[in-house]
Amino acid sequence: MNPSPLLSLDEALKRLLEKAIPLADTHVVSTFEADGCVLAQDLVSDLQVPAFDNSAMDGYALRTADLNSNQGILKVGLRILAGHAPTTLPPEEVARIFTGAPVPIGADAVVMQEDVFVVDDSHISFKTAPVTGQCIRRKGEDIDKNTVLLSKGTRLGPVSLGLAASIGVANLKVMSPPRVALFSTGDELIMPGDVEPHLLPPGAIFNSNRFFLRSLLERCGCQVSDMGNVPDDPEKTLLALSGAALDHDLILTSGGVSVGEADFVKPAVQSLGELQLWSLSIKPGKPFAYGHVNNRTDPSKRAHFIGLPGNPVSSLVTFLMLVRPFVLSLQGCTGLAVRPTQIRADFAWPRADKRREFLRVKFNTKGGLDLFPNQSSGVLTSAVWGDGLVDNSPGTTISPGDMVNFLSFTDLMS
Ligand code: AMP
Ligand code: MG
């Protein structure tokens, strides 16, 4: 049998994103609870921020023209604190003013308190000539009325929540989380806690993918149903998958997508819907499956199916490169791509591979990247040690000093 042709990562991503039609459900959350959610509509400001001219400093508000007639000495009349309603500055006076307080009508500059001479209890003069407009934060200079502050599809973060609050928004309409059923596959897998590590039976391993995949999905805004290990039984596998398709948007499995492997998930998906097995031209992470499982009670509905490879680093890399953009797209999220940065390699990678490689690397104290010595797809330690991945083009060797494309785990896992 001919090996299946390799599919480039870009092509695989394109095909997946074509399928990732944003889900329709939205809901309203408190702005406090919206971190990580995706905005379901543009956030438009009804307000100008600041809402009034206010002082940028603790100091004195003045009418600069008054300085011409008083030998530079002016009476301190008003005292205006933040939260006070705007007042009018009497002629030939200055106002003691504090940061955030409304600049009185008539004043055209604020001088910080460090730049004045206190003449007596109620008079001051200025160390330098004030310039009109100085130290005044103008009404609307941050946000104008009717501006789109955050557009639909934006993933909210701490600062955007603060921005929404600054225009008085207490609740936000966001996309509902994709419902994801997560399965692992493999008779060798044992759950941590079920067996003491020193009593692990020969040939068995602990299920690690289940832990990081669940947590990565949650970080991408998904609501995860952790279905555990699919039992190695055709009937039970069919039942588990068709049951999950009833109330999930995506079924994600790990393991059992290698070519020719005896497992029950592939035939089950094939009989319940459709399955495509892809050989991705990346390393690690070659085997990958995409398809769907029909909803047996409603023929108009179906759940997406994605099968990730079982080797932990392959599972991780394919999740970050393909599943992350896929589930974010289901939420209508824009700006999916993680931008690489050019960093110096302080290592050699002398053997080019025909596939695009993702190498686990870590920053050293000289600002360059070091390579984890064991790049095997089973070595999860490499990804914990590393700060990210070098995205190395097919057929490319790396010499120390070369600039390489670095993708940070912080960005990829956020
Ligand atoms: P597979 O893709 O099923 O052929 O699995 C490839 C390798 O990954 C095998 O060594 C499996 O034991 C291992 N593996 C599969 N699933 C998991 C998992 N959930 N956690 C840790 N290792 C796994
Ligand atoms: Mg397996």
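Student: Hi! Is E18 buried or exposed?
Tutor: This is a predicted model, and in it E18 counts as exposed because its relative accessibility is 51%, with over 50% as the cut-off.

Student: What does the side chain of E18 meet in a salt bridge?
Tutor: The side chain of K14, at 3.8 Å from N to O. Both residues lie in helix α1 (residues 9-19), 4 residues apart, which is about one turn of the helix. K14 counts as partly exposed, at 47% relative accessibility.

Student: How many salt bridges are there in the whole structure?
Tutor: A search finds 13. One of them joins K283 and D353, with the closest N and O atoms 3.2 Å apart. K283 is in strand β20 (residues 282-283) and D353 is in the loop between β23 (341-344) and β24 (356-363), so this pair ties together parts that are 70 residues apart in sequence.

Student: And D353, buried or exposed?
Tutor: D353 counts as buried, at 16% relative accessibility, whereas K283 is partly exposed at 35%.

Student: Which residues are joined into one network by salt bridges that share partners?
Tutor: D10, R356 and D391.

Student: Switching to strands: what is the order in the open sheet of 6?
Tutor: The order is β8-β5-β7-β6-β10-β9, with mixed pairing. β8 (109-112) and β9 (116-120) are the edge strands, each pairing on one side only. From one strand to the next, the twist averages 40°.

Student: How do β5 and β8 pair?
Tutor: In the antiparallel sense, over 4 bridges. L62 stands opposite A109 in β8.

Student: And what stands opposite G59 in β7?
Tutor: That's I97. Strands β5 and β7 run antiparallel and are joined by 3 bridges.

Conventions. Residues are numbered from 1 along each chain as its sequence is written. Chains are lettered from A and ligands numbered from 1 in the order in which they are written. This is a predicted model: local features need pLDDT of at least 70, side-chain atom pairs count only at pLDDT 80 or more; totals for chains, interfaces and linings use all residues. Side-chain values use heavy atoms; hydrogens and water are left out. Two strands pair if DSSP finds at least two bridges between them. Helices (H or I, at least four residues) and strands (E, at least two) are DSSP runs, numbered from the N terminus. Axes are lines fitted to C-alpha atoms, for helices over the stretch in contact, and angles run from 0 to 180 degrees between N-to-C directions. A salt bridge is a side-chain nitrogen of Lys or Arg within 4 Å of a carboxyl oxygen of Asp or Glu. Buried means under 20% relative accessible area, exposed over 50%, partly exposed in between (1.4 Å probe, protein chains only).
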